[in-house]
Amino acid sequence: MLDLNSVSKNFSGLAALTDVSFDVKNSVIKGIIGPNGAGKTTLFNIITGVFPPSKGTINFDGNDISHKRSDEIAKLGVSRTFQQTYLFKTLTVLENVMLGRHYRTRSEFFACGLRLPGARREEKLIREQAMECLDMIGLAGKKDRIANKLPMGEQRYLEVARALATEPRLLILDEPTAGLNEFERDDFLNLVFKIRDMGITILVVEHHMKFIMKVCSELVVLNFGEKIAEGTPDEIQNSPKVIEAYLGVEEDIDY
Amino acid sequence: MLTDVIQAIFAALPVGCIYALVALGVALIYNATNIINFAQGEFVMLGGMSMVTLYGEMHVPIYLSIFASVAIATIIGMALMKVAYRPGKNTSLIIVLIITIGASLFISGSAMHIWDADIHRFPAFSGEKPIVFLGAAIVPQSLWVIGLTFLLVISLVCYFQFTIHGKAMKACALDRTAAGLLGIKVKRMVLISFAMSSALGALAGIIMTPLTMIDYSGGMLLAIKGFSAAMLGGMGSFVGAVIGGFVFSFLESFTATFVSGSFKELVTFIVIINVLLFMPNGIMGPRSKEGLEEEEVLGE
Amino acid sequence: MALLALPFILGDGYYLSVMNFIAFYAIVAIGLCLLTGYGGQLSMSHAAFFGIGAYTSAILSTRFGLNPLISIFIAQIVSATAALSIGSVVLRLKGHYLAIATLSFTIIVEILIIETAWLTGGLQGLSLIPYISFGDFIIDSDWRLYFIVWPITMLIMLFSLNLVDSRMGRIFRATKESEDIVRLFGANVKIYKIKLFVLSSVFASLSGSFYAHFVNFISPTAGSLMFAIDIIMVLAFGGFTILWGALLGAASLTFLNEYLTVFADFKRTIYGLSLILIMLFCPNGLLEGLKDSLSRLISVKNAGGD
Amino acid sequence: MIIKIKDLDVFYKNIHALKKVSVSIENGKIIGLVGGNGAGKSTMIKSITGLVPIKNGKIFFNDRDITRLDSASIARLGISTVPEGRRLFAPMTVQDNMNLGAYLRFKNEKKKDIEKDIKKIFELFPRLMERKNQTAGTLSGGEQQMLAIARALMAKPKAILMDEPSTGLAPLIAKEIFKVIKSLKNRGYTILLIEQSARMALKISDYAYVLESGKIVLKGKASDLLKDESVQKAYLGV
């Protein structure tokens, strides 16, 4: 479904990603791990069209999306959450999720301002669908709160709800459990499985290893912007190359 | 024709110097704080007006008058910093911008009460008799303006290039956090840059008043032109700011000479919009770093 | 309802005319509030669009003898076209840069108005602009104008309130926080920004047209830098993110202006000082500032009572 | 104990990043602080240097409470930082960066002495000596890291905090950096070394802490931790 073909990215001469290729199959949960600065977020930003790759192509459902704008990619069915949760702080909890419905609706400027019947009907529908999403993550009771005043755990959930509201086919989670405690993390695990069972493919970057080993069926490991391993969690945990990337080389330091 | 060209150049040179000094002042504050100071032109006015009173009317010795006029502007500049610079207080750009607009109105409005709404000048430093060159005339005050601006720019460049204090100030502009980690008191540096920038403005006002005359208003236009000149030059570069100032003054002078005096400002502001759109890094600034800004928003 | 009753209380006099001036300011301010407060685009070109609206309409009806209603309509089309072409270029800029670019536009318009005296009357201004009339019914008194301009203000307010609380409004409010993120939710931010800019500029221009046809005289101050600052003042008083604040801001500024005519010399100083003080102590506008200090007062009292 | 951190509680960007963390740094030693991504390592340095507000807990420097000081005042006490991402002044020359490292010394010392010092430190980093008139932005990653360390040394610090000096460097170059850090210890410097690359860091540290999700999960002599299987577990979640 998602197919990366030797994707590279340079920032003013510095290579952030070199020749990364992998694919993600329908309805799986795939993880991307790697030490700090390995290029994981850069990869996400390229997939979602924040900036284009310097080289290589990305295919999503048979469409080449490597040079599309991020709003076009979103319309194809790619949605994401952010490392530092990014909720709109002037919008309420419900409004944040309603924003997720934006490109699934079409009332224009004047229809909205004049509150024409069509726009009114659509607005009602948006509200209902957003409430469904909130119900699913259990935040319906807090719908009128200001989004970024929620505790961290609930903000993570809200981001997921907002992403789900777009009816994505691919959901990208960027460090979804940062700032969650252990109970919340287990809860979140179940939510991720639930989302996969809805038929949504998931791509996740996460530092918390216990979580990622449990949640993913396949992993890609990046280091210095290069793919150094790909496989099941078991294979990854026992790969000497991966251990080296994380813990450093086993070598004496002479001086 | 040739005489016209030379006359236009003679007219453009001192005005360019003034624009350059204002641009330097704007750039100093912008680099240190990211504030566009709409009140920068008011320092020019304050310097000139204080000089009118002290030197022109009270006949205080010239050096003492200059010193006092610069001091007045500097103190007000430092007060402005206390009001406008509020790091960590979650102040949005628009609030700071409006504060400096407010400061500009307040200072110019007060100046109208302290002095009046008339146009003033005081006698030139060394006589009014024009020097004729290839049929075009230049007054001695213009030479003073050019010479003193040259000196000011040189000493500014030296300060930033050769003293540790100047380098520390540059460091604050480049990376506030890193500067703080080296023990540099960033807030004090910001205060000093406000002081320096208001002093520069005041000096510009002092040297230009015998030439162009001065009244309480007009500071804000000067500030906008100064900002645009600094932008055209590339915000970080002093040489660039000076060049930017001259580009605008030549543009205005030549439009006034060869097209029409009333359209000179029109040309300036059309150029300003185009500079903003097409040369956001200016002529001396760094080349644009593709993608880096976005990296900061969504980065690792 | 209160607004409907007000003219009967005030009578056809000085205060009614003040009320009408409040409406002129309010319409511009509502537009700018949408653009800056909700859309996050710091624009200083609204004075220019007020000027364009006023002058186009005035010129069409004085020099070409068009019916004011038609010239007002054409003026809005002219303004919308101008806003579209300016907006699609300058809205690429952000923050300070956008502010300076739009301010430059205002200055350019001001110079053009002054320098094309054959058309605009230059510094002398344009006088003898006809009143708006519907057949024999001529809008030539404060009383009559009130019942035209305030319903329009209220309609614009209603439209804006609806807009803000819709799928479009949510996108604008989110755009103010981060364009990049909004784009990730499938919104073509660039086009939305331009649309909002055009709408908001047309509001300003509409107010300008009404102003011209009611005061019957227009001078370059209508499109000037000082007027741009006036409008910023209205928003500063009312709060950038509260649509209703635009009314309060317009009222405060109009009254301030009226009282300051006695001390006209102090206008700049007082403007400057109040801008600084408001931005320092209640950056969300007087309304929010009052609410904040009131709630603080109450909470202090409650804490004392416990 | 030159630096003593007691029960530190820090929230960073809404996340409870450090939970009751206590760390002691002994004079003349390298103290290692290792852990995976997002364990709270960088927050640790940011809280010591006054860059993030501290909720609870105290930090002492030579028995003086420095918990609420700003970063410039902390630097003035003699704590130098090699910050995350190096944070060099890229358009300035290597020499100027070094000079700025010694900024606080210009008041009381002669320019000559400082220049002598620069020469001395260049002996440690001969590559920098060759490039002293180049701007910092043109250096390679490894050279930039060396310059960041050299700049910190110019302040004649009583303690140095290093935030992930090996990040983004190829293994061979990282090794070189670690060599330098070890040699600094032999010159009597006190260092708090924050690292992701646990093996290398543990090898040159005297004492070390392992951080996971904002908590210290292991501590002990670095040589013991190096053999401890549970370090790897903390990293890879086995």
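# Cavities, a pocket and a helix pair

Tutor: About 90 Å³ of space lies in the largest cavity. This is a predicted model, in which local features need pLDDT of at least 70, side-chain atom pairs count only at pLDDT 80 or more, totals for chains, interfaces and linings use all residues, and side-chain values use heavy atoms without hydrogens or water. Residues are numbered from 1 along each chain as its sequence is written, while chains are lettered from A and ligands numbered from 1 in the order in which they are written.

Student: What makes a space a cavity?

Tutor: On a 1 Å grid over the protein atoms alone, a cavity is a set of points where a 1.4 Å probe fits but cannot get out. Points are joined across faces, edges and corners, and the volume is the space filled by probe spheres set on them. Three cavities of 30 Å³ or more are found in the whole structure.

Student: Which residues line the largest cavity and are closest to its centre?

Tutor: A lining residue has an atom within 4 Å of a point. There are 13 in this lining, and Cys112(A), Ala119(A), Arg120(A), Glu123(A) and Ser166(C) are the closest to the centre. Helices H4 (109–114) and H5 (117–137) of chain A each supply at least two lining residues, and H5(A) gives the largest share, five. A helix here is a DSSP run (H or I, at least four residues), numbered from the N terminus.

Student: How do you know how many lining residues are charged in the second largest cavity?

Tutor: Asp, Glu, Lys and Arg count as charged; Ala, Val, Leu, Ile, Met, Phe, Trp, Tyr, Cys and Pro as nonpolar; the others, Gly among them, as polar. The second largest cavity, with about 40 Å³ of space, is lined by Leu181(B), Leu182(B), Ala75(D), Gly78(D), Ile79(D), Ser80(D), Leu104(D) and Ala155(D). That divides into six nonpolar, two polar and no charged. The largest cavity has four nonpolar, three polar and six charged.

Student: What makes a space a pocket?

Tutor: A pocket is an open set of points with protein on both sides within 12 Å along at least five of seven lines. The second largest pocket holds about 1,100 Å³ of space. Among its 42 lining residues, Gly218(B), Leu221(B), Leu222(B), Lys225(B) and Glu265(B) are the closest to its centre. The lining has 23 nonpolar, ten polar and nine charged residues.

Student: Are H7(C) and H10(C) roughly parallel or antiparallel to each other?

Tutor: Their axes, for H7 (142–164) and H10 (189–215), come within 12 Å and cross at roughly 175 degrees. Axes are lines fitted to C-alpha atoms over the stretch in contact, with angles from 0 to 180 degrees between N-to-C directions. Angles under 35 degrees are roughly parallel, over 145 roughly antiparallel, 65 to 115 roughly perpendicular and the rest oblique. H7(C) and H10(C) are therefore roughly antiparallel. The contact has eleven nonpolar, one polar and one charged residues.

Student: How do you know which chains do not touch?

Tutor: Contact means heavy atoms within 4.5 Å. Chains C and D do not touch, with their nearest C-alpha atoms 17 Å apart. Of the five pairs in contact, B and C share the most contacts.

Student: Where does pLDDT stay under 50 in chain B?

Tutor: pLDDT is the predictor's confidence in each residue, from 0 to 100. It stays under 50 over residues 287–300 of chain B. Where pLDDT is low, the predicted coordinates should not be read in detail. Chain B as a whole has a mean pLDDT of 87.
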